[in-house]
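Hi everyone, thanks for coming. Let me put the structure up, and then I'll walk you through a few spots in it.

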Amino acid sequence: MLRDAVKVLADERIAPRAAEIDRTAEFPWDVKELLAAHDILGLPFPEEHGGLGAELLTICLAIEQISRVCATSGLIVAVQELGALPLLLAGTEEQRKRWFPDLAAGRTLICFALTEAEAGSDAASAKTRARRDGDEWVIDGSKRFISQGSVADLITVFAVTDDDPETPRHKRLTCFIVEKEMAGFGVERIEHKMGIRGSPTAELGFRGVRVPEANRVGAEGEGFAIAMRTLDRSRPGIAAQAVGIAQGALEVAARYATERKQFGRPIGEFQMIGAMLADMDAGTEAARQLLYKACTEIEAGAPDAARWSAMCKLVAGDTAMRVTTDAVQVLGGYGYIDEFPVERMMRDAKITQLYEGTQQIQRLVIARALTGRRG
Amino acid sequence: VRIVVLAKPVPDPASGGERLGPDGRLDRANSPAVVNGNDEYVLEKALKLIDAAGEGEVIVLAMAPPNATETMRKALAMGATRGVLVTDPAIAGSCTVATTRILAAALKTLDFDLALAGVDTSDGGAGVVGPGVATLVGLPYLSYAATIEPDPAARTVRVNHITAAGYDVVEAPMPVLISGTQALGEPRYPSLKGIMAARNKEIVTLSLADLGIDPATVGSTGATTKVVDSRAPEPRAATRVVREAPDVAARELVSFLAQRRII
């Protein structure tokens, strides 16, 4: 029922905006307001802080339905969850009380700043530093490829607080909440991207940003562990975005194949097209079922949550890329131009193979779960 | 005000997934169901009345197979307080007389000021269950309401009853049974908050034994009417969709109709 409610909203209110959001590459504030007004941004937050207390599967159903018509809009929901996860996992009651009501109502946005120019897959090698000064921390460094970094009010940032060479790599980072008004914080550039063009991807500068102790999330040195637990729960959101994109492309291709006639009949009646559509449908459904299963396993506290999370993103991301590429093929020349949405969907699909860990990192996570190697 | 809404789960007209059982009757347990359209309009009115009053409750009452709790959940997501589902294997195949008796017995177990029902259902369409229930329970019956205005202090309700010429304004003491149509207003979409809240709302199920009804007097064995035959309609010819600009599309539609001498 919740899925159907979000689907109606996506079809009626977001789908008509999708092409323009992509063309102008501007953050869709109107869609953000719509998601806030319908409590969709409140899904991940506890009820006592104004949220809906939804489980992971419910959040993913919403992201999937929105991404079916507009991947940029689906990402708004996914990033609001991603940025808030460190607080959900490790925040104090005081921190939750302070930030969750505004986040749940969509009055404020939050982003997740882990990646740096030289620390992508190897997140533990981050260079951004936080040094203690009395009861404050002073953060210096840069974060790159931060989704919605330029529109967020709060930035969940991971910085090195212990650079003693004797300290294990995974004990060096600490998590902080930076507020955008803090002196020394700034957006240094916005990337020009191939897909999800309405979602601003920013490079963020921290030049001596003074952060009170009250904004530290979790213990000192716990940052890397928090980041990894965050990704275990957030990757299904990206898988949901990928399944949604694939479903959207499949629907456009199937309808086109029914209406487009060549050699006197609808092209869908030709076996080569029919077989492509069948594979697209079967692949999308397989990815969807793996995602739903992963959501329930992770929600139930499975010890191999990292594996489920990595598997669903791996399969869904690759499926989205393949299905959208085939959708362009089914539409032929019409698929390659912006008169139809499948070229946009193909560009959008690519990011799901890259962010929140490349597909190669997902395989690494799965392989480590199989061989029992930690870290 | 305390309101009971008779909300029947009917086959989803948009799904086309109705299944007929071997006896030619609709297999309700295996057909995708939604809340009957006219019942949604009266439910919307009931919710508006308690929203405006700032208090009260809306109980959704249905007689259906056990999986109808899923359909009732949507009514709860729209804002109804709780659900009462009469379900029993012996009910399958009940005629309108038995349905009326069962719903009247269930309604008698509830405290209410207003009982609301759609004027008819999109499946059976007999339109007699509402007035029948009112008769058996001994309630005044006001039909085809375009407005419903309860006066809790005076314990009366006033409705605009739709007539061929306009409206008759009629008044009755509460409790009362009122039937309505889409004239009462578009049903709301359930909000996400409503959907999440509905998961924990109570749906009580009642059996025939709970209501003191002999199973032999209802269902297909006790039916006063029987289904002689049923057939699926012939599939329609392929649909042609005109996707041109409005002016071109209008010309195409006119020539299509003119060629067939429809206009």
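So, to start: is A:A25 buried, exposed or partly exposed? A:A25 counts as partly exposed, because its relative accessibility is 36%. The cut-offs here are under 20% relative accessible area for buried, over 50% for exposed, and partly exposed in between, with a 1.4 Å probe and protein chains only.

Quick housekeeping before I go on. This is a predicted model, where local features need pLDDT of at least 70 and side-chain atom pairs count only at pLDDT 80 or more, while totals for chains, interfaces and linings use all residues. Residues are numbered from 1 along each chain as its sequence is written, chains are lettered from A and ligands numbered from 1 in the order in which they are written, and side-chain values use heavy atoms, with hydrogens and water left out.

Back to A:A25. You'll find A:A25 in the loop between α1 (2–24) and α2 (29–37) of chain A. When I say helix or strand, I mean a DSSP run, numbered from the N terminus: H or I with at least four residues for helices, E with at least two for strands. The phi of A:A25 is near 55°, which is a positive value in a residue other than glycine.

Chain B has a positive phi to show you as well: B:R155, at about 55°, and that's not a glycine either. B:R155 sits in the loop between β7 (141–151) and β8 (156–162) of chain B. With a relative accessible area of 35%, B:R155 is partly exposed.

While we're on loops, look at B:P175. A cis peptide bond joins B:M174 and B:P175, with omega about 0°. B:P175 lies in the loop between β9 (167–173) and β10 (176–180) of chain B.

Now the sheet those strands belong to. Chain B has an open sheet of 9 strands with mixed pairing, in the order β9-β8-β7-β10-β6-β1-β4-β5-β11. Two strands pair if DSSP finds at least two bridges between them. Which strands stand at the edges? They are β9 and β11 (203–206) of chain B, each with a single partner strand, so one side of each is left without a neighbour in the sheet. From one strand to the next, the twist averages 30°.

Let me zoom in on two pairs. β8(B) and β9(B) run antiparallel and are joined by 7 bridges. There, B:N160 has B:V169 of β9(B) as its bridge partner. β4(B) and β5(B), on the other hand, pair in the parallel sense over 5 bridges, and B:A62 has its bridge partner, B:L85, in β5(B). β5(B) is mostly covered, with 4 of its 5 residues buried. As a bit of background, side chains in a regular strand alternate between the two faces of the sheet.

Over to chain A and a helix pair. Helix α3 (residues 56–67) and helix α7 (residues 271–299) of chain A have axes that come within 8 Å and cross at roughly 150°. Axes are lines fitted to C-alpha atoms, for helices over the stretch in contact, and angles run from 0 to 180 degrees between N-to-C directions. That makes α3(A) and α7(A) roughly antiparallel to each other, a label for angles over 145 degrees; under 35 is roughly parallel, 65 to 115 roughly perpendicular, and the rest oblique. Among the residues making the contact are A:C60 and A:L61 of α3(A) and A:Y292 and A:C295 of α7(A). Contact means heavy atoms within 4.5 Å.

For A:C60, the nearest cysteine sulfur is that of A:C295, 3.7 Å away. A:C60 is buried, at 0% relative accessibility. A:C312 is in no disulfide, and its nearest cysteine sulfur, that of A:C295, is 6.3 Å away. A:C312 is buried too, with a relative accessible area of 0%.

Last stop, A:Q95, in helix α5 (residues 93–104) of chain A. A:Q95 is buried, with a relative accessible area of 1%. The C-alpha atoms of A:Q95 and A:R216 are separated by 9.3 Å, though the two are 121 residues apart along the chain. Leaving aside neighbours within four places in sequence, A:Q95 has contacts including A:L87, A:N215 and A:R216.

How values were computed:
Disulfide = S-S within 2.5 Å.
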